[in-house]
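Walk through this model with the viewer open.

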Amino acid sequence: MNLGNSFLGLLAAAVLALAPTGTADAAGSWGPLAPPNPYLGPLGTATMHGDAGSSDATPLAGPGTGGISVAGYPLASACPTLLQGSDNLVVALCTPVIGQTPTIHLLDPSFGGPVGTPLASLEIAKGSLLGGVYAYLDNADRLVIVDGNRTLLRVGHARDAAGKWRLSIASSTDLGSVIPEGDNVTGLVPDWSGNVWFATGKSVVGLVTPAGAAATIALPAGESVANSISSAPSGRVAVATTHALYELHADAAGGPEILWRAAYDRGSARKPGQLSWGTGSTPTYFGPNSGADYLTIVDNADGQVHALVFRSGSGQLVCSQPVLTRGGAGSENSPVGIGRSVFVASTYGYPYPAVPEGAGPAVPASAPFVGGMTRVDVDDSGCTTVWDNTVRSAAVPHLSTADGLLYTVTRVGLHITTPLDGYAFTVVNPDTGAVLSNRPLAGTIVDDPLQTSPLITHDRKILQGTVTGILRIS
């Protein structure tokens, strides 16, 4: 989900992912999550997908299934990246309707100031359509991002002498010598040694050491990276291109090295409701032992898509399991991965207002948004589908290991979508796929979450980015 030359482009690109036999215990707990990355901020709130492994699972409890109250920051901006630091302040990366310059906002999630007024704001240089959305918070609550000038920034916040909050660049590293002109970073993540890994739209993968030295490797020509990247406690890093899934690590000389490559079925064309011709997944680490035993993405096969599960380290394919058999056969979202379970949500036919340059035409050009979610469980002998439902998720679902609930925002209306469609805050039972509660949200197209990822905060709120700002659900 990123911004290019048009605001609508950013909205589109800003999209930019549990087994009855052993994932959930009698108390309803889920896990394990991988150990926290020591170079990230708080577990569950430091990356768009919650953690370094992009599990989309969080140890924080959400609002639950009862009544809700809804407020909002009407920022006149698309806000795909919402992160919360150890001081409980929220750092949001947004792109305004006017000017379209990516802007970092510091927010008080309790709305201590006037609604719609950030505590502080800072503009950064624009990049490509797929550049500068996947930022993260480091262990000093600084936003780590590569801007449109190919500079790695760490942006901190503090009060000045007058007590006013300020955002400022704490450090910068010029990556212009290792990232070609015209290319931009799509995703970045720290490994467990403090290296900052990055992948560009044109498939340059690199790392920056804590001392500031950079090294890169080029993936095969013709492949592109359209989603973020993930890391595991083993030191491995996962990158999905429009053709293949890769796992890498730092070699003896401290540079990136490919451990394995697994091509997948990318289909014959981009599907409606997806932003690239290939997987829509940020690769997800999950597993029953270390929390990162497996790695999963969803392919883009014609007709029927599959959850692909690989063993981290070896790249062995554990299974290729059909998913979304009751819904639309395509997903732009990162799967949720926890314990032995994977949850996949359909975006097939979702009405993005624009797609990134070079994405290619969709085949068919458009389709109804049917929705659908699938849960798949994994064991050493393969995979089993636990349930399929027809939930029309309009955001990246997140699973709370604290309350055992799966949270999302759904689209309300006919399968043939219109600007008059509504939205609802929806809680799903991850054991059965049944909808436990469905609370209407005010607004129509101006509150479209556009398949962006919510933030479950430390005080049981959900912040959900939309095309015009942020909703707070509590």
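Four strands form an open sheet in the order β11-β12-β13-β14, with antiparallel pairing. Strands here are DSSP runs (E, at least two residues), numbered from the N terminus, and two of them pair if DSSP finds at least two bridges between them. The edge strands, β11 (185-190) and β14 (214-218), each pair on one side only. From one strand to the next, the twist averages 20°; axes are lines fitted to C-alpha atoms, and angles run from 0 to 180 degrees between N-to-C directions.

Strand β12 (residues 196-200) pairs with strand β13 (residues 204-208) in the antiparallel sense over 4 bridges. Ala 199 has Val 205 in β13 as its bridge partner.

This is a predicted model: local features need pLDDT of at least 70, side-chain atom pairs count only at pLDDT 80 or more, and totals for chains, interfaces and linings use all residues. Residues are numbered from 1 along each chain as its sequence is written, and side-chain values use heavy atoms, with hydrogens and water left out.

Now the cavities. A cavity is a set of points on a 1 Å grid over the protein atoms alone where a 1.4 Å probe fits but cannot get out; lining residues have an atom within 4 Å of a point. The largest cavity holds about 150 Å³ of space, a volume being the space filled by probe spheres set on the points. It is lined by 25 residues, and the closest to its centre are Ala 34, Pro 35, Asp 51, Ala 52 and Gly 53. Strands β19 (284-286) and β23 (336-338) each give two or more residues to this lining.

The second largest cavity holds about 90 Å³. Of its 14 lining residues, Thr 47, Met 48, Leu 188, Ser 228 and Ile 229 are the closest to the centre.

Technical notes: On a 1 Å grid over the protein atoms alone, a cavity is a set of points where a 1.4 Å probe fits but cannot get out, and a pocket is an open set with protein on both sides within 12 Å along at least five of seven lines; lining residues have an atom within 4 Å of a point.
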